[in-house]
Amino acid sequence: MAVSYKKLWKLLIDKDMKKKDLCAKAGISPASVTKMGRNGHVTTEILLKICTALDCQIEDIMEIVPDENVK
């Protein structure tokens, strides 16, 4: 299983926000946003800050996707 943050990037587009705007509003580091851009792992604290800043739920910014090799 892998994590995808495509929903977050779409939400930022809908809200006319840039990644640096997200960093400032949520109080997170650009390194965390970079990790998320690579579908890497971030702490639940980071996800909570993003959800609070964007007034959304966790399922609005991420999803779990199955691995392609798993049958």
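**A salt bridge and a helix**

Mentor: Glu45 and Lys49 both sit in helix 4 (residues 44-54), and because they are 4 residues apart there, about one helical turn separates them. Keep in mind that this is a predicted model.

Trainee: OK, and what do the side chains of Glu45 and Lys49 do?
Mentor: They meet in a salt bridge, with 3.9 Å from N to O. The cut-off for that distance is 4 Å.

Trainee: How many salt bridges does the count come to?
Mentor: The count is 1 salt bridge by this rule.

Trainee: Is Lys49 buried, exposed or partly exposed?
Mentor: Lys49 is partly exposed, as its relative accessible area is 31%.

Trainee: Changing topic: which residues of helix 1 are buried?
Mentor: Leu8, Trp9, Leu11 and Leu12 are the buried ones. They span an arc of only 160° around the axis, so they lie on the same side of helix 1.

Trainee: And what is on the other side of helix 1?
Mentor: Lys6, Lys10, Ile13 and Asp14 are there, and they are exposed.

Trainee: What do the buried residues of helix 1 pack against?
Mentor: They pack against helix 2 (19-26), helix 3 (30-37) and helix 4.

Trainee: Let me pick Leu11. Where is it placed, and which residues is it in contact with, leaving aside neighbours within four places in sequence?
Mentor: Leu11 belongs to helix 1, which covers residues 6-14. With neighbours within four places in sequence left aside, Leu11 has contacts with Leu54, Cys56, Asp60 and Ile61.

Trainee: Why does Leu11 count as buried?
Mentor: Its relative accessible area is 18%, and buried means under 20%.

Trainee: How far apart are Leu11 and Gly40?
Mentor: In sequence, 29 residues; in space, 18 Å from C-alpha to C-alpha.

Trainee: What follows helix 1?
Mentor: Asp16 follows helix 1, and its phi is positive, near 55°.

Trainee: Back to Trp9. Which residue lies over its face?
Mentor: Lys19 does, at 4.6 Å from the ring centre of Trp9.

Trainee: How many aromatic pairs does the structure hold?
Mentor: It holds 0 aromatic pairs.

Trainee: Last one, Ser32. Where does it lie, and is it buried or exposed?
Mentor: Ser32 lies in helix 3. It counts as buried, at 12% relative accessibility.

Trainee: Which residues is Ser32 in contact with, neighbours within four places in sequence aside?
Mentor: Leaving those neighbours aside, Ser32 is in contact with Val42 and Ile46.

Notes:
Residues are numbered from 1 along each chain as its sequence is written. This is a predicted model: local features need pLDDT of at least 70, side-chain atom pairs count only at pLDDT 80 or more; totals for chains, interfaces and linings use all residues. Side-chain values use heavy atoms; hydrogens and water are left out. Helices (H or I, at least four residues) and strands (E, at least two) are DSSP runs, numbered from the N terminus. Buried means under 20% relative accessible area, exposed over 50%, partly exposed in between (1.4 Å probe, protein chains only). Contact means heavy atoms within 4.5 Å. Rings of Phe, Tyr and Trp (its six-membered ring) pair if their centres lie within 6.5 Å; planes under 30 degrees apart count as stacked, over 60 as edge-to-face and the rest as tilted. A charge sits over a ring if NZ of Lys or CZ of Arg is within 6 Å of the ring centre and within 35 degrees of the ring normal. The arc is that of the directions from the helix axis to the C-beta atoms.
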